[in-house]
Amino acid sequence: MFRYIVRRLLWMIPVLFFISVITFSLAHAVPGGPFDREKALPAEIIANLNKYYGLDQPVWKQYVKYMSDILLRFDFGPVYSSRSRRVNDIFRDHLPISAQLGVLAMLIALGIGIPLGILAALKQNSFWDYLGMAVAIFGVSVPGIVLGPLLILIFALTLKWFPVAGWGTPAKMVLPSIALGMRESAIIARLTRASMLQVIREDYIRTARAKGLTERAVMIRHALKNAFIPVATILGPMFAVLVTGTFVIEQIFAIPGMGKYFITSITNRDYPVVMGTILLYAVFLVIANLAVDITYAFLDPRIRYT
Amino acid sequence: MGTLLQVKGLKTQFFTQDGVVNAVNGIDFDLNEGETLGIVGESGCGKSVSVLSLMRLIPSPPGRIVGGEAWFQGRDLLKMSEEEIRSVRGNKIAMIFQDPMTSLNPVLTINQQVSEALELHLGMDKRQARKRTIELLEMVRIPDAANRVDDYPHQFSGGMRQRVMIAMGLSCNPQLLIADEPTTALDVTIQAQIIDLVKQLKKEIGMAVIWITHDLGVVAGLADRVNVMYAGYIVESADVKDMYADPRHPYTLGLLGSIPRLDAERKAKLTPIEGLPPDLIDMPPGCPFAPRCRYAIDRCLEENPKLETVARRHSVACWVDVTGGKR
C-alpha cells in the first residue's frame with residue numbers, strides 16, 4: 001500500500017509536466033496578449049512591457065524559465081495586471097478562502113446527500129422518496145447563479161437571518177456554502193439512492209435477512225459499505241472543483257476567493273496566473289483521486305494495491 | 001416422529017405492472033421432524049417463492065402472501081410479527097441459497113458473517129462467536145479453518161463458499177434447513193461433495209431439510225419425500241421410492257422421461273416435454289399442464305384437479321389415471 005501511494009505520487013510528475021506543457025502552449029497560442037487594451041497602448045510601451053516580462057523570447061524559452069522559477073524558487077511568476085502582486089500572493093491570500101468555502105460546501109453536500117439518498121432508497125416510491133428526489137432534481141437543475149440570489153433574497157433580505165455577502169465570520173459562510181453545496185448534495189443523493197437500490201437487491205442482502213437480522217442492521221452493516229463504493233468515485237473530482245474556487249458563487253457573495261482568477265486570467269492572457277490556477281487544480285485533482293483510490297481499499301477488500 | 005411444519009393453502013402473488021403473477025397457488029404439504037423433502041420442478045414453477053414465503057422473505061412490493069397458513073412448532077409463520085419471524089429466521093429455520101458467489105457479502109469477513117447470527121440468536125460475545133465459527137467451519141470440512149476465518153469471500157472457491165453458507169445456516173442448530181438449489185451453480189464434483197456433506201450433517205444434527213432443485217438425480221439420492229411443482233401447484237407428492245417407481249402425474253412422467261439413463265440403449269433419444277409452462281399472469285381455467293399433456297381429456301381443459309390421495313402417502317392432481325405410463 002505504501003509503495004503504491006509513493007508510486008502514484010511519483011506519477012504526478014509526468015502528469016503535471018504534460019498538463020503544464022499543454023496549458024502553456026495553448027495559452028500562448030490564443031491570439032492577443034496581456035497588454036491589449038480597447039484603447040491600444042503605444043507600440044513602444046508594449047514592446048518594453050514584453051521585454052520586461054520576457055514575452056519577446058521564444059515560447060520554449062519562456063516555458064523553461066517559468067518551470068525553473070517554480071522548481072528552483074517555488075515562484076509562480078508575476079501577475080501582469082498588478083505590479084505589486086505575484087501569483088504566489090494570489091495563492092496565499094485567496095486559496096485558503098476558496099478552500100474553506102469548498103470544504104464547507106462539501107460537508108453540506110455529504111451531510112444532506114448521503115442521508116437523503118439512503119432514505120429515498122429505503123422508502124422507495126413513498127412520500128420520502130419523492131420528496132428527496134424532488135429536492136435532488138431541484139438541486140441539480142437550479143444553477144448557482146439562480147440559487148445564490150434566491151437564498152440572499154429569502155434568508156438575508158427578507159428574514160434577515162444571515163448577512164447578504166462577504167466572508168470571514170461563520171454567519172457569512174452559511175449561505176454561500178449552501179448555495180455551492182446544494183447542487184453537489186443533489187448529485188450525491190441521486191447516486192446514493194441508485195446505488196443503495198441496486199445493493200439491496202443483491203443476494204447477500206437476502207442472506208443477511210435470512211439470518212434474522214433487523215432491517216437496520218441489514219442496511220448499516222451489509223448495504224451501506226457496498227453502496228458507498230460508486231459514490232466515493234465522484235467525490236474526488238467534486239472535491240477538487242469545490243476547493244479550488246468557484247467563480248459564480250464567489251462573485252454573487254462577494255467572496256475574495258480563487259474563482260475569479262480562473263476566468264479573468266484567461267480573458268486577460270495573464271499567462272502565469274492561468275498556469276498557476278490550472279496546475280493548482282491539477283494537483284488537487286490528482287491528490288483527491290488518489291485519496292478516493294485509497295478509500296476503495298478500505299471499502300472493498302477485493303481491491304488491493306501493490 | 002412429529003410434524004414439524006404444516007403448510008395449508010399457501011398462496012403468493014406478485015403485483016406487477018403487467019398484472020398479477022400467480023406464483024404459488026394454494027399449496028399444502030407436511031414435513032416431519034428430521035425428514036428431507038425434495039421440491040422439484042422447472043424454473044418459475046414456484047419452488048423458491050414457496051419457501052421464501054415461509055421465511056417471509058418475499059420482496060414486498062411487488063410480492064405478497066395473499067393466503068394460507070404455515071404451522072411451525074405450534075405457531076403460524078405467516079401471522080407472526082416482524083420481530084417474531086426474525087427470531088425464527090437463521091435460528092429455528094435457516095436457509096442457504098443458489099449462488100454462493102453472490103450470496104456472501106463481499107466486504108465482510110467470513111467470521112463477521114457467520115458470527116452475527118450466533119451473537120444475535122445465541123447471545124454469544126465476539127470471542128465465543130469466533131471460536132464457534134471456527135468449529136462450524138471445521139464441521140463443514142474447510143481446511144485450516146482457524147486461519148481462514150478472517151478471510152473475505154473472494155478468497156474462497158465456489159464450493160468452499162457454499163460450505164461457508166452451510167456453516168452459517170447450521171450455526172444456531174436449526175430444526176429446519178431450507179436449501180434453495182444449493183448445488184446448481186457448482187460443478188458436478190463439487191455438487192456431490194456438498195450433497196454428501198449435507199447428508200452427513202443431517203445425520204449428526206438431526207434437522208429436517210427442504211431441498212429445492214430441478215435435478216431429479218439429486219433428489220433421488222437425498223430426499224425422503226418429493227413434491228413435484230408445476231405453475232405454482234403441487235401436482236404430485238410421494239415418498240421418493242414411489243415417485244420414481246410409480247409416477248402418477250403426466251408431468252412427473254415427462255420429467256423422468258427427459259433424464260438420460262446409463263442403462264438405456266445408446267441410440268435411444270430423450271423425450272422432452274413439448275411446449276412451455278403457462279403464463280402465470282393469465283392462467284388457463286383447467287389443469288395448467290393440460291396444453292402440454294399427452295393424456296389430456298376434455299375435462300382437463302375446464303376444471304383444475306385437486307391434489308388427491310391415490311396410494312399410501314402418495315397424492316396426485318390429475319383427472320386421468322396414468323399408472324405405469326398407460327392411459
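## A buried serine in chain B

B:Ser171 counts as buried because its relative accessibility is 0%, and the cut-off for buried is under 20%. The model is predicted. B:Ser171 sits in a loop of chain B, between α7 and β7 (176–180).

Which residues surround B:Ser171, leaving aside neighbours within four places in sequence? B:Ser171 is in contact with B:Ala117, B:Leu118, B:Leu122, B:Arg132 and B:Leu136. B:Ile110 is 61 residues from B:Ser171 in sequence. In space, the C-alpha atoms of B:Ser171 and B:Ile110 are 13 Å apart.

## Nonpolar cores

The largest nonpolar core holds 99 residues. Those with the most contacts inside it are B:Leu5, B:Phe29, B:Leu77, B:Ile166, B:Leu176 and B:Ile210. In soluble globular proteins, nonpolar side chains tend to be buried together.

## Helix α8 of chain A

Helix α8 of chain A spans residues 203–210. Its buried residues are A:Tyr204, A:Ile205, A:Thr207, A:Ala208 and A:Ala210.

What covers the buried residues of α8(A)? The cover includes α7 (170–199) and α9 (215–243) of chain A. Chain B contributes β6 (93–96), α3 (100–103) and α7 (158–170). Just after α8(A) comes A:Gly212, with a positive phi of about 95 degrees.

## The contact between chains A and B

Chain A brings 18 residues to the contact, and chain B brings 26 residues. The area buried between the two chains is about 2,100 Å². Carbon and sulfur atoms give 60% of that area.

Three residues of chain A stand out: A:Arg206, A:Lys211 and A:Arg221. Together they supply 29% of the area that chain A buries against chain B, more than any other three residues.

## Helices α11 and α12 of chain A

Helix α11 (residues 259–267) packs with helix α12 (residues 271–299) in chain A. The angle is about 140 degrees, and the axes are 8 Å apart. The crossing of α11(A) past α12(A) is left-handed.

From α11(A), A:Tyr261, A:Phe262, A:Ser265 and A:Ile266 take part. They meet A:Val273, A:Val274, A:Thr277 and A:Tyr281 in α12(A). Of the residues in this contact, six are nonpolar, two are polar and none is charged.

Technical notes
Residues are numbered from 1 along each chain as its sequence is written. Chains are lettered from A and ligands numbered from 1 in the order in which they are written. This is a predicted model: local features need pLDDT of at least 70, side-chain atom pairs count only at pLDDT 80 or more; totals for chains, interfaces and linings use all residues. Side-chain values use heavy atoms; hydrogens and water are left out. A nonpolar core is a set of buried Ala, Val, Leu, Ile, Met, Phe, Trp, Tyr and Cys residues joined through side-chain atoms within 4.5 Å. Buried means under 20% relative accessible area, exposed over 50%, partly exposed in between (1.4 Å probe, protein chains only). Axes are lines fitted to C-alpha atoms, for helices over the stretch in contact, and angles run from 0 to 180 degrees between N-to-C directions. Helices (H or I, at least four residues) and strands (E, at least two) are DSSP runs, numbered from the N terminus. A crossing is left-handed if the near helix is turned anticlockwise from the far one by less than a right angle, and right-handed if clockwise. Contact means heavy atoms within 4.5 Å. Ala, Val, Leu, Ile, Met, Phe, Trp, Tyr, Cys and Pro count as nonpolar, Asp, Glu, Lys and Arg as charged, and the others, Gly among them, as polar. Buried area is the accessible area (1.4 Å probe) that two parts lose on being put together, summed over both.
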